[in-house]
Amino acid sequence: GGTIYGDIPPAEFGHSLDAGAGRLIPSMSVEQFGANFAGWLGLNEARIGAVFPNLSSFSTRPYFML
C-alpha cells in the first residue's frame, strides 16, 4: 500500500483530465495495470495479450514492482 500508480489530477476544474460534471479521464488503463499484475503472477506476453486484448491500444506499458 501507499503507492499510487498513474497521475493524480489537479484539484480544480478545467484541466486536461477533466471530462466535465465531476468525471476524470484516467491516465492509466485497467489493462496496463492488470497486464503487469498478470506478468507478476507468471503469465507470458502471449497469454497477457490474450487476457488483455486492448493492451495494444496504449502506447506504453508502465513496469513497476508490486
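**A guided look at the model**

Visitor: How far does the backbone oxygen of P10 lie from a polar atom of the side chain of H15?

Guide: The model is predicted, and H15 is found in the segment before strand 1 (18–20). From a polar atom of the H15 side chain to the backbone oxygen of P10, the distance is 3.4 Å.

Visitor: Which residue has its backbone nitrogen 3.1 Å from a polar atom of the side chain of H15?

Guide: A polar contact requires N or O atoms within 3.5 Å. At 3.1 Å from a polar atom of the H15 side chain lies the backbone nitrogen of L17.

Visitor: Is H15 buried or exposed?

Guide: The term buried applies under 20% relative accessible area. The relative accessibility of H15 is 13%, so this residue counts as buried.

Visitor: With which residues is H15 in contact, leaving aside its neighbours within four places in sequence?

Guide: Contact here means heavy atoms within 4.5 Å. With those neighbours set aside, the contacts of H15 are P9, P10 and L24.

Visitor: What is the relative accessible area of F37?

Guide: F37 belongs to helix 1 (residues 30–40). The residue is classed as partly exposed because its relative accessible area is 37%.

Visitor: How much accessible area does the nonpolar patch on the surface have?

Guide: F37 is one of the members of this patch, with W40, L41, L43 and V51. Together these residues have an accessible area of about 500 Å².

Visitor: Where in the protein chain is confidence highest?

Guide: The chain has a mean pLDDT of 82. Strand 2 (residues 23–24) has the lowest confidence, with a mean of 86, whereas the highest, at 93, belongs to helix 2 (residues 45–51).

Methods:
Residues are numbered from 1 along each chain as its sequence is written. This is a predicted model: local features need pLDDT of at least 70, side-chain atom pairs count only at pLDDT 80 or more; totals for chains, interfaces and linings use all residues. Side-chain values use heavy atoms; hydrogens and water are left out. Helices (H or I, at least four residues) and strands (E, at least two) are DSSP runs, numbered from the N terminus. Buried means under 20% relative accessible area, exposed over 50%, partly exposed in between (1.4 Å probe, protein chains only). A polar contact is a pair of N or O atoms within 3.5 Å; within protein, one must be able to donate a hydrogen and the other to accept it, and residues adjacent in sequence count only if both atoms are side-chain atoms. pLDDT is the predictor's confidence in each residue, from 0 to 100. Patches are made of residues with over 30% relative accessible area and no salt bridge: like charges are joined within 9 Å, nonpolar side chains (Val, Leu, Ile, Met, Phe, Trp, Tyr) within 5 Å. Accessible areas come from the Shrake-Rupley method with a 1.4 Å probe; for residues, only the protein chains shown count as cover. A salt bridge is a side-chain nitrogen of Lys or Arg within 4 Å of a carboxyl oxygen of Asp or Glu.
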